[in-house]
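Please read the points below alongside the model.

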Amino acid sequence: MRYSGDHLCRAHFVASVERRVKRELRAQVDLRGGETIAVGMSGGKDSTVAAVLLREILAERRDVALVGITVDEGIAAYRPAGIASARRLCASLGIEHRVIAYQETAGVPMDDVVRLDPAAIPCGYCGPFRRQALNRCAKAAGADFVATGLNLDDTAQSILMNVARGDVEKLARLGPHAMVQEGLVPRIQPLRMIPEAEVYLYAMLRGIAFHEATCPYAERAQRGRFRDLLNALEADSPGTRHAIVRGYDRLRPSLEVAFPPASLRACAQCGEPTANELCKACDLRDHLRLASEARG
Ligand code: SF4
Ligand code: ZN
């Protein structure tokens with residue numbers, strides 16, 4: 001591990017990941033018993049490792065329930081294998097598995113979005129659609145928290161992206177969420193301080209099966225530019241990702257004071273919480289309709 005100078009054998013590496021995840025979980029959430037945690041499961045390595053570790057860390061906590069949720073974005077070349085992988089994982093962990101499709105929430109699968117609005121960056125639609133679907137399904141499952149597989153690289157990228165856009169309000173609202181807002185299930189991110197390569201290595205060393213594929217629309221995502229930038233910075237100065245996230249964590253209390261969460265109301269179309277008349281997902285669905293009508 002170049003950022004720490006540690007050279008670990010297999011057993012110590014595995015134990016080190018587990019120790020860091022346990023510590024992070026404890027720092028993010030105080031489980032008093034009776035809670036349900038919904039784990040967002042794409043079937044990929046990050047959410048698979050997050051689910052396995054949560055199951056193991058909480059093995060003694062019979063008073064805390066886990067439920068797996070997979071969002072079906074409607075990407076025929078990619079998603080079905082991920083759903084199958086998540087289903088197998090939930091069966092092996094002995095937890096309930098629920099699937100929610102964009103078809104049921106946004107009313108349109110991503111393959112249609114790309115066809116109807118080919119000029120748009122698909123992830124611009126997919127991100128808000130996913131947040132809406134995951135939140136709705138988590139509420140239906142009675143979940144108190146939604147755990148995601150977000151790793152250190154994802155977290156540092158999100159911080160950089162919002163800084164680069166000057167979107168300070170969004171920066172103040174990145175998870176994990178300590179505050180509970182009516183209608184929004186707070187996010188927890190147990191892998192937040194684990195680099196992506198270590199999540200991958202951990203899964204390999206433990207023989208944890210996952211769905212290894214990239215979304216066909218991912219190459220059009222802006223995030224890729226920030227991933228490359230961050231990888232170059234990390235190669236030059238190991239520890240950059242940790243420094244970005246730790247620095248952000250120190251700034252965060254001030255950001256939360258300067259940008260307190262807006263008061264939320266129910267979206268006029270879907271009922272999900274939003275600061276505006278319509279939530280971002282419904283806004284985008286209307287935008288999609290207009291974009292496709294304009295194309296004839
Ligand atoms: Fe959706 Fe973009 Fe992720 Fe593909 S890469 S699943 S389009 S957010
Ligand atoms: Zn809505």
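**Notes on the predicted model**

1. Overall size. The protein chain has a radius of gyration of 19 Å, which agrees with the value near 19 Å that a compact globule of 296 residues would have. The radius is taken over C-alpha atoms, and the globule rule is 2.2 Å times the number of residues to the power 0.38. Along its principal axes the C-alpha trace spans about 60 × 45 × 40 Å.

2. Basis. This is a predicted model, in which local features need pLDDT of at least 70 and side-chain atom pairs count only at pLDDT 80 or more, while totals for chains, interfaces and linings use all residues. Residues are numbered from 1 along each chain as its sequence is written, chains are lettered from A and ligands numbered from 1 in the order in which they are written, and side-chain values use heavy atoms, with hydrogens and water left out.

3. Secondary structure and burial. Of the 296 residues, 49% count as buried. Buried means under 20% relative accessible area, exposed means over 50%, and partly exposed lies in between (1.4 Å probe, protein chains only).

4. Ligand shell. Which residues are around ligand 1? They are E73, I75, C123, C126, R130, C215, Y217 and A218, where a residue is near if one of its heavy atoms lies within 4 Å. The shell divides into six nonpolar residues, no polar ones and two charged ones. Here Ala, Val, Leu, Ile, Met, Phe, Trp, Tyr, Cys and Pro count as nonpolar, Asp, Glu, Lys and Arg as charged, and the others, Gly among them, as polar.

5. E73, one of the residues around ligand 1, meets R79 in a salt bridge of 2.6 Å, N to O. The term covers a side-chain nitrogen of Lys or Arg within 4 Å of a carboxyl oxygen of Asp or Glu. E73 counts as buried because its relative accessible area is 2%. R79 is buried as well, at 2% relative accessibility.

6. Other salt bridges. The count comes to 19 by this rule. E96 and R98 pair at 2.7 Å, N to O; E96 is partly exposed at 44% relative accessible area, and R98 is partly exposed at 26%. In helix α12 (residues 280-295), R289 and E293 lie four residues apart, about one turn of the helix. The closest N and O atoms of their salt bridge are 3.9 Å apart, and R289 is partly exposed at 42%. E18, E56 and R206 are linked in a network of salt bridges.

7. Surface patch. Y200, L201 and M204 form a nonpolar patch on the surface, with about 250 Å² of accessible area together. L201 lies in helix α9 (residues 196-206) and is partly exposed, so its relative accessible area of 38% falls in the middle class. Patch members have over 30% relative accessible area and no salt bridge; nonpolar side chains (Val, Leu, Ile, Met, Phe, Trp, Tyr) are joined within 5 Å, and like charges within 9 Å. Areas come from the Shrake-Rupley method with a 1.4 Å probe, and for residues only the protein chains shown count as cover.

8. D153 lies in helix α7 (residues 152-165) and is buried at 6% relative accessibility. R20, in helix α1 (residues 10-28), is buried at 14%.

Definitions and conventions
Helices (H or I, at least four residues) and strands (E, at least two) are DSSP runs, numbered from the N terminus.
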